[in-house]
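Subject: Handover of the model and its pockets

Hello,

Here is the structure we talked about handing over. Please look it over before reading the notes below it.

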Amino acid sequence: MSFTVAIDGPAAAGKGTISKGVAARFGFAHLDTGLLYRAVGRRMLDGETPEAAALALTAEDLDRPDLRTAEVAQAASKVAAIPAVRAALVDFQRAFARRAGGAVLDGRDIGTVICPEAEVKLFVTASAEVRAERRYLELAAKGSRMTREEVLADVKERDARDAERAAAPMKPAKDAVMFDTSALDIDAALAAAIAVIEARMSAKG
Ligand code: CDP
């Protein structure tokens, strides 16, 4: 039986951490769909056209160690606005969402476009300042020299591009549960997500 949890929201809102915790708690498979766009962005930076890169994407592309940089994040958000790139990645994501045993996917358009029939939809947010601070600490731990101000500007620029694009813009599904993690630590955010999922599972029977 399939059971899909869709987790959407802006950059560095905590989607990845919540998704991993949910996957571990329920034994679901997890797909970080941002990695697909990051891998296409990476290949574009290496000289390919985004459309060709999206069509040629392989599992090894997702294992590249250099996908979490700010440069790749910006490239990801640029290629993600191209309809042909998004179209090339739809079937893989839909099949993943409906796999037997349950799946959690995090991204920007999972509850709206990829899996509008998902059993649970969460839209995870936090203030831009809180998100930028989290991302700043992550990047600094990996040796980045970006300042807090640069990371904040980067996050805001990407959010604006992701929300304003015509193709599958970032927005909450009408039936998404909204989750503001500005004042929640990760344990509290994860516990809240798990409670929503358990309630939905018992309602489904
Ligand atoms: O980790 P972070 O939240 O900063 O970003 P990400 O989830 O890795 O996504 C990187 C970029 O990919 C986003 O800024 C979006 O432009 C794009 N993306 C998208 O358009 N649709 C998705 N389902 C996931 C990511």
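A cavity is a set of points, on a 1 Å grid over the protein atoms alone, where a 1.4 Å probe fits but cannot get out. A pocket is an open set with protein on both sides within 12 Å along at least five of seven lines, and lining residues have an atom within 4 Å of a point. Grid points are joined across faces, edges and corners, and a volume is the space filled by probe spheres set on the points.

By the cavity rule, the count comes to 1 cavity of 30 Å³ or more.

Provenance: this is a predicted model, where local features need pLDDT of at least 70, side-chain atom pairs count only at pLDDT 80 or more, and totals for chains, interfaces and linings use all residues. Residues are numbered from 1 along each chain as its sequence is written, and side-chain values use heavy atoms, with hydrogens and water left out.

**Ligand**

Around the ligand are 18 residues (a heavy atom within 4 Å). Arg38, Arg86, Arg135, Arg158 and Asp162 come nearest. By class, this shell has 5 nonpolar, 4 polar and 9 charged residues. Here Ala, Val, Leu, Ile, Met, Phe, Trp, Tyr, Cys and Pro count as nonpolar, Asp, Glu, Lys and Arg as charged, and the others, Gly among them, as polar.

Polar contacts (N or O pairs within 3.5 Å):
- Arg135: a polar side-chain atom lies 2.7 Å from a ligand oxygen.
- Arg158: a side-chain N or O atom is 2.7 Å from a ligand oxygen.
- Ala12: a polar backbone atom is 3.1 Å from a ligand oxygen.

On its own, the ligand has 530 Å² of accessible area (Shrake-Rupley, 1.4 Å probe), and the protein covers 97% of that. H2 gives the largest share of the shell, 4 residues. Helices are DSSP runs (H or I, at least four residues), strands likewise (E, at least two), numbered from the N terminus.

**Largest pocket**

The largest pocket holds about 750 Å³ of space. Its lining has 39 residues, and Ala12, Lys15, Gly16, Arg68 and Arg135 lie nearest its centre. They divide into 13 nonpolar, 9 polar and 17 charged.

**Largest cavity**

About 60 Å³ of space lies in the largest cavity. Its lining includes Arg38, Arg68, Arg135 and Arg158. H5, H8 and H9 each give two or more residues to that lining. H9 gives the most, with 4 residues. By class, the cavity lining has 6 nonpolar, 1 polar and 5 charged residues.

Best regards

Technical notes:
A polar contact is a pair of N or O atoms within 3.5 Å; within protein, one must be able to donate a hydrogen and the other to accept it, and residues adjacent in sequence count only if both atoms are side-chain atoms.
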